[in-house]
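User: I would like to learn how to read a protein model feature by feature. Could you walk me through this one?

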Amino acid sequence: MNKPFYQETRLPDGPLVLSCAMPEAQSVALGVFVDVGSRDEATAQAGMSHALEHMLFKGTKRMDVHALAEKLDELGGNANAFTSRERTCFHLHVLHEHWQESLAVLMDMVLEPALPADEWQREREVIYAEMAMVDDTPEEWVMDQHVEALFPDHALGRPVLGTHQALSEMNADALRNYLQQHYSDGRLLIAAAGRIDHGELVDALSALSFPQTDRALDRLPPATLARGLQPLERDGEQAQMVLSYPGITVASDERPVAWLANQMLGGGMSSRLFREVREKRGLAYSIGSHLSMLSDTGVWSVTCGSEPSRADECAAVLQDVLGGFAADIGAEELERAKRQLEVQFRMGLDSVEGQMLHLGGRQDEAVLLSPLQWLEKIRSVDVETVRSWSQQKLQQGKLWSIAAPECALTQVCDRIGPSC
């Protein structure tokens with residue numbers, strides 16, 4: 001169980017390369033992780049990391065946009081990407097016999113993108129449409145408002161998609177400069193999982209030339225998370241509520257305790273929030289909690305949507321559950337949470353994509369533990385430890401964001417106001 005589950009090589013004048021061999025798999029998942037995200041953008045660059053995520057699918061110096069799309073379809077797997085506040089990732093999932101050709105295409109996209117100006121003009125409209133979709137989705141809209149309030153006057157508070165103003169002034173040359181600044185050897189990690197040989201992966205990548213940079217990534221840490229109440233008047237069929245407490249960083253040793261606390265609070269159908277808010281009272285369809293972990297800060301959040309006419313009752317139940325959660329954690333409840341996490345971790349071992357994404361975490365810490373090693377740590381957590389951790393976090397104060405029609409908004413704010 002303590003045998004390393006991955007191999008790692010630092011290429012000379014190149015990126016870190018990791019692989020997890022899964023010999024019985026029929027496929028390979030490949031990922032290029034870039035250590036840059038929306039928090040690394042200046043105000044005028046807001047949305048540039050995400051814009052590049054889109055534009056790297058718009059052709060390379062060897063293939064135009066149509067040829068690239070046809071090649072990705074021809075390989076027959078899944079081609080995708082994501083941008084977060086601290087990371088951009090491009091990944092492919094293909095049959096194992098196609099991994100070398102797929103890797104060549106993926107690296108061509110990352111190292112030699114065409115970034116044509118005419119494609120950027122069209123893709124910017126696509127991103128505007130994506131922004132409009134977020135605005136039309138109440139739970140996503142309120143979360144954006146909530147994060148902005150949590151991190152006032154800090155890049156972490158800006159939406160990953162950026163702003164209309166910044167995008168309207170962005171051009172292909174700016175995108176190219178941003179790529180040259182950040183997509184360099186020291187900020188790249190290449191990961192593969194599945195039916196693949198590490199030596200062959202390293203050999204394939206050793207033939208490539210990677211941009212070099214001496215410029216270190218300088219991230220300004222955020223101030224203490226904001227507390228209080230953020231009322232947001234918004235018409236709709238539901239009142240949306242988000243409340244956040246300080247959490248943990250992405251490489252924290254407290255992860256096993258935090259995962260268990262979150263699982264018991266709002267991580268499944270047997271969690272406190274699901275039982276009390278949805279099952280017992282029918283106050284909400286969607287209710288849960290989650291951990292958001294970054295390199296230098298973290299947030300523990302609860303999200304809920306309720307009918308406006310019952311929103312104040314729902315808010316009161318949330319207060320009751322959170323107020324009594326830490327002291328009431330019992331041994332049986334903790335064991336159930338441990339079993340639930342074990343199922344998630346062990347089932348994840350069957351996923352080549354899941355293992356590849358897990359390898360991407362190497363950008364956050366010097367040594368990665370395997371899912372089975374994490375399970376050992378999870379099993380060792382006792383009731384008193386998780387009670388103490390939960391109590392300490394839930395006593396630090398919180399930020400509420402409430403989005404609801406005017407009448408319901410007033411009632412909810414009156415209900416929770418004194419607690420903030």
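Analyst: Happy to. Accessible areas come from the Shrake-Rupley method with a 1.4 Å probe, and for residues only the protein chains shown count as cover. On that basis the protein chain exposes about 19000 Å², with carbon and sulfur atoms supplying 48% of it. This is a predicted model, where local features need pLDDT of at least 70, side-chain atom pairs count only at pLDDT 80 or more, and totals for chains, interfaces and linings use all residues. Residues are numbered from 1 along each chain as its sequence is written, and side-chain values use heavy atoms, leaving out hydrogens and water.

User: How many helices and strands does the protein chain have?

Analyst: Helices (H or I, at least four residues) and strands (E, at least two) are DSSP runs, numbered from the N terminus. Here there are 16 helices and 11 strands. The radius of gyration is taken over C-alpha atoms, and the globule rule is 2.2 Å times the number of residues to the power 0.38. For this chain the radius is 23 Å, close to the 22 Å that the rule gives for 420 residues, so the chain is as compact as a globular protein of that length. Its C-alpha trace spans about 60 × 55 × 40 Å along the principal axes.

User: What share of the residues counts as buried?

Analyst: Buried means under 20% relative accessible area, exposed over 50%, and partly exposed in between (1.4 Å probe, protein chains only). Of the 420 residues, 54% are buried. Among contacts between residues at least 6 apart in sequence, 81% join residues at least 24 apart.

User: Which strands does β10 pair with?

Analyst: Two strands pair if DSSP finds at least two bridges between them. Strand β9 (residues 284–293) runs antiparallel to β10 (residues 298–306), joined by 8 bridges, and a hairpin of 4 residues links the two. Strand β8 (residues 239–246) also runs antiparallel to β10, again with 8 bridges. Ser306 shows both pairings: Ala284 stands opposite Ser306, and Ala239 has Ser306 as its bridge partner. Further along, Ser289 stands opposite Val302.

User: Why is β10 described as largely enclosed?

Analyst: Because 8 of its 9 residues are buried, β10 is largely enclosed by the rest of the structure.

User: Is Asn262 buried or exposed, and what is Asn262 in contact with?

Analyst: Asn262 sits in helix α9 (residues 255–266) and is buried, at 11% relative accessible area. Beyond its neighbours within four places in sequence, Asn262 contacts Gly267, Ser289, His290, Leu291 and Trp300. Ser289 is the residue opposite Val302 in β10.

User: Is Lys338 buried or exposed?

Analyst: Lys338, in helix α12 (residues 331–348), is buried at 9% relative accessibility. Not counting residues up to four places away in sequence, Lys338 touches Leu260, Ile378, Arg379 and Val381. The C-alpha atoms of Lys338 and Trp259 are separated by 9.3 Å, although these residues are 79 apart along the chain.

User: Which residues other than glycine have a positive phi, for example?

Analyst: Most residues other than glycine have a negative phi, and most peptide bonds are trans. Asp13 has phi near 55°; Asp13 lies in the loop between β1 (7–10) and β2 (16–21) and is exposed at 60% relative accessibility. Asp153 has phi near 60°. Asp153 is in the loop between α5 (138–150) and α6 (164–169), and is exposed, with a relative accessible area of 87%.

Definitions and conventions
Contact means heavy atoms within 4.5 Å.
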